[in-house]
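Please keep the sequence and the model at hand while reading.

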Amino acid sequence: MKVRSTGSGSGMFLTELLMAILIFAVASAICLRVFVAANHVSAESSRLNHAVASAQNCAECFKATGGSLPETAALLGGAFTGTRAIEVRFDSGWQLLPPGEPSFCYVAAIVRMPEKAGSIDAQVTVCDIAGTKIFTIPVSSFQDQEAEL
Amino acid sequence: MNQRSHGAGVGTVSLITIFAVLCLTVFAMLTLSASNAEKLLADKTASFVKGYYEADYLAAVVQANIVDSGEFPESVYGVDVSYEKEGAATVASYSCRVSDAQDLRVKLKLDAGQAAVLEWKTVYALGWEADDAITVWDGESFE
Amino acid sequence: MNTAKNSHTIDVVFVLAVACAFAASVLTVLMLGANVYGSMQKTSEEEFKSRVCLSYIAAKIHANDSLGKLHVGTYEGAPALYLDAEFDGTGYNTIIYSYDGWLRELFCEKGLELELSSDSGTPVLEIGSVSFENALPNLLSIEFQGSNGDSGKLFVNLRCGGGVGT
């Protein structure tokens with residue numbers, strides 16, 4: 001009596017293959033989430049580092065010009081926004097944009113505080129386009145001469 | 001009886017799957033661990049820079065207060081100031097805390113209502129003790 | 001009989017096709033994962049170099065900001081930052097400059113740097129080049145150029161007033 005081969009070998013192989021595909025799909029889905037989370041964390045760190053560097057530049061220029069906003073804006077490539085503040089705008093790669101550029105991603109703002117005897121104080125804040133504060137530092141320049149507002 | 005067995009192919013797919021899942025897991029863990037380390041460093045840097053600028057701000061405010069008052073206050077905004085005579089001028093010294101390990105040390109020369117900054121630098125704030133357990137050659141010739 | 005044989009062949013071909021598709025997708029996912037990790041590491045390393053170079057120089061300046069002790073100059077034709085100090089009555093220089101793709105720091109007695117060569121400085125960080133400029137008399141501008149074309153700039157205010165380059 002001839003028993004026709006039912007191909008049970010390939011059937012078993014196919015079953016194993018399908019199980020393997022299922023396991024790999026689940027593992028890939030989990031690892032993909034981990035990759036996305038890691039990428040997000042890395043982007044946040046990069047954003048913070050650039051914000052810190054921009055804030056430092058703003059603060060140092062403000063101190064060096066004796067609190068003069070026009071001179072500070074000229075050094076940083078920023079623009080006036082009202083009488084007591086300047087803004088420096090950056091694109092998504094933290095490259096400096098021309099003053100007043102509407103399509104920006106990040107902005108570093110120097111806002112002068114109310115006058116105080118002997119010193120000119122300001123707050124340097126770096127935000128994203130949605131207004132979320134990324135980094136902020138206070139700065140004070142010694143008022144050894146009249147500084148232009 | 002005629003049976004064909006595909007025994008040699010069974011198990012290969014499982015091995016490949018195990019290998020692939022292991023590799024993927026290792027890559028994912030490496031990427032996550034590297035990005036977490038980066039975040040930690042970024043947070044530490046930001047915290048230190050913030051500490052420095054807060055100390056710098058306080059030091060500048062103290063300086064303005066001393067010069068504006070025209071006197072020699074011994075404490076300004078919680079910062080102790082010491083004074084030393086240097087000829088006709090007076091040298092004011094004070095420190096503002098930057099972090100647990102660093103201070104911002106300031107020295108001002110006060111003369112006729114003007115202040116010149118002699119020093120405005122960060123210094124190591126924690127104590128340091130030399131370890132002289134090993135005899136080290138001090139440059140003197142051997143006799 | 002032929003139909004039975006063809007059906008069996010189709011079974012095998014189908015299973016092999018699924019197996020090949022699975023192998024291809026496993027390879028693709030693994031390569032994607034490796035690429036993601038590799039590109040993240042590369043970006044992170046580039047940013048690290050720029051950030052650390054500028055932070056290191058800024059920290060050095062902040063630790064040495066005393067009247068008349070800091071000035072911009074050149075060393076062996078390269079832009080350099082001179083930090084003066086005095087120990088036991090002897091004057092010393094710390095010179096920060098870039099040479100041969102490395103940020104270097106040379107600490108020596110004043111005047112001795114003229115007898116040393118550009119590679120005498122301790123290599124600190126592998127970069128392209130760094131330059132120093134007085135943007136204002138009391139504002140130092142430090143520009144960093146990476147070996148792969150990226151750049152960064154940092155301003156540092158000298159509270160004690162800067163020095164003119166020699």
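## Strands at the end of chain C

Strand β7(C) and strand β8 (residues 151-157) of chain C pair in the antiparallel sense over 7 bridges, where two strands are said to pair if DSSP finds at least two bridges between them, and where helices (H or I, at least four residues) and strands (E, at least two) are DSSP runs numbered from the N terminus. Within this pairing Ser141(C) stands opposite Phe155(C) in β8(C), and in the hairpin of the two strands, with 5 residues between them, Gly149(C) takes a positive phi near 95 degrees. This is a predicted model, in which local features need pLDDT of at least 70 and side-chain atom pairs count only at pLDDT 80 or more, whereas totals for chains, interfaces and linings use all residues. Residues are numbered from 1 along each chain as its sequence is written, and chains are lettered from A and ligands numbered from 1 in the order in which they are written.

On its other pairing, β7(C) is joined to strand β6 (residues 129-136) of chain C in the antiparallel sense over 7 bridges, with Phe132(C) opposite Ile142(C) and a hairpin of 2 residues leading from β6(C) to β7(C). Strand β7 (residues 139-145) of chain C has a covered face made of Leu140(C), Ile142(C) and Phe144(C), while Leu139(C), Ser141(C), Glu143(C) and Gln145(C) make up the uncovered one. In a regular strand the side chains alternate between the two faces of the sheet.

## The sheet of chain B

Chain B holds an open sheet of 4 strands in the order β3-β4-β5-β6, with antiparallel pairing. Its edge strands, each pairing on one side only, are β3 (82-86) and β6 (114-124) of chain B. Direction ignored, neighbouring strands of this sheet are turned by 20 degrees against each other on average, the axes being lines fitted to C-alpha atoms, for helices over the stretch in contact, and angles running from 0 to 180 degrees between N-to-C directions.

Strands β4 (residues 89-97) and β5 (residues 102-111) of chain B run antiparallel and are joined by 8 bridges; Val91(B) has Lys109(B) as its bridge partner, Thr90(B) stands opposite Leu110(B), and a hairpin of 4 residues connects the two strands. The antiparallel pairing of β5(B) with β6(B) extends over 10 bridges, with Asp111(B) opposite Gln114(B), and the hairpin between these strands has 2 residues, Ala112(B) in the turn having a positive phi of about 55 degrees. Helix α1(B) lies across β4, β5 and β6 of chain B and runs at about 20 degrees to β5(B).

Chain A contains 2 helices and 5 strands, which run α-α-β-β-β-β-β from the N terminus on. Of its 149 residues, 42% count as buried, a residue being buried if 20 or more other C-beta atoms lie within 10 Å of its own, exposed if 12 or fewer, and partly exposed in between, with C-beta atoms placed from the backbone.

In helix α2 (residues 69-76) of chain A the buried residues are Leu69(A), Thr72(A), Ala73(A), Leu75(A) and Leu76(A). Seen down the axis of α2(A), these residues fall within an arc of 160 degrees, so they line one face of the helix; the arc is that of the directions from the helix axis to the C-beta atoms. Gly77(A), whose phi is positive, near 80 degrees, follows α2(A).

## Contacts of chain A with its partners

Two residues are in contact if their C-beta atoms, placed from the backbone, lie within 7 Å, and by this criterion 39 residues of chain A are in contact with 37 residues of chain B. The largest share of the chain A side, 25 residues, comes from α1(A), and the residues of that side divide into 23 nonpolar, 13 polar and 3 charged. Here Ala, Val, Leu, Ile, Met, Phe, Trp, Tyr, Cys and Pro count as nonpolar, Asp, Glu, Lys and Arg as charged, and the others, Gly among them, as polar.

Towards chain C, 24 residues of chain A are in contact with 24 residues of that chain. Helix α1 (residues 8-64) of chain A supplies the largest share of this side, 21 residues, and by class the side has 12 nonpolar, 9 polar and 3 charged residues.
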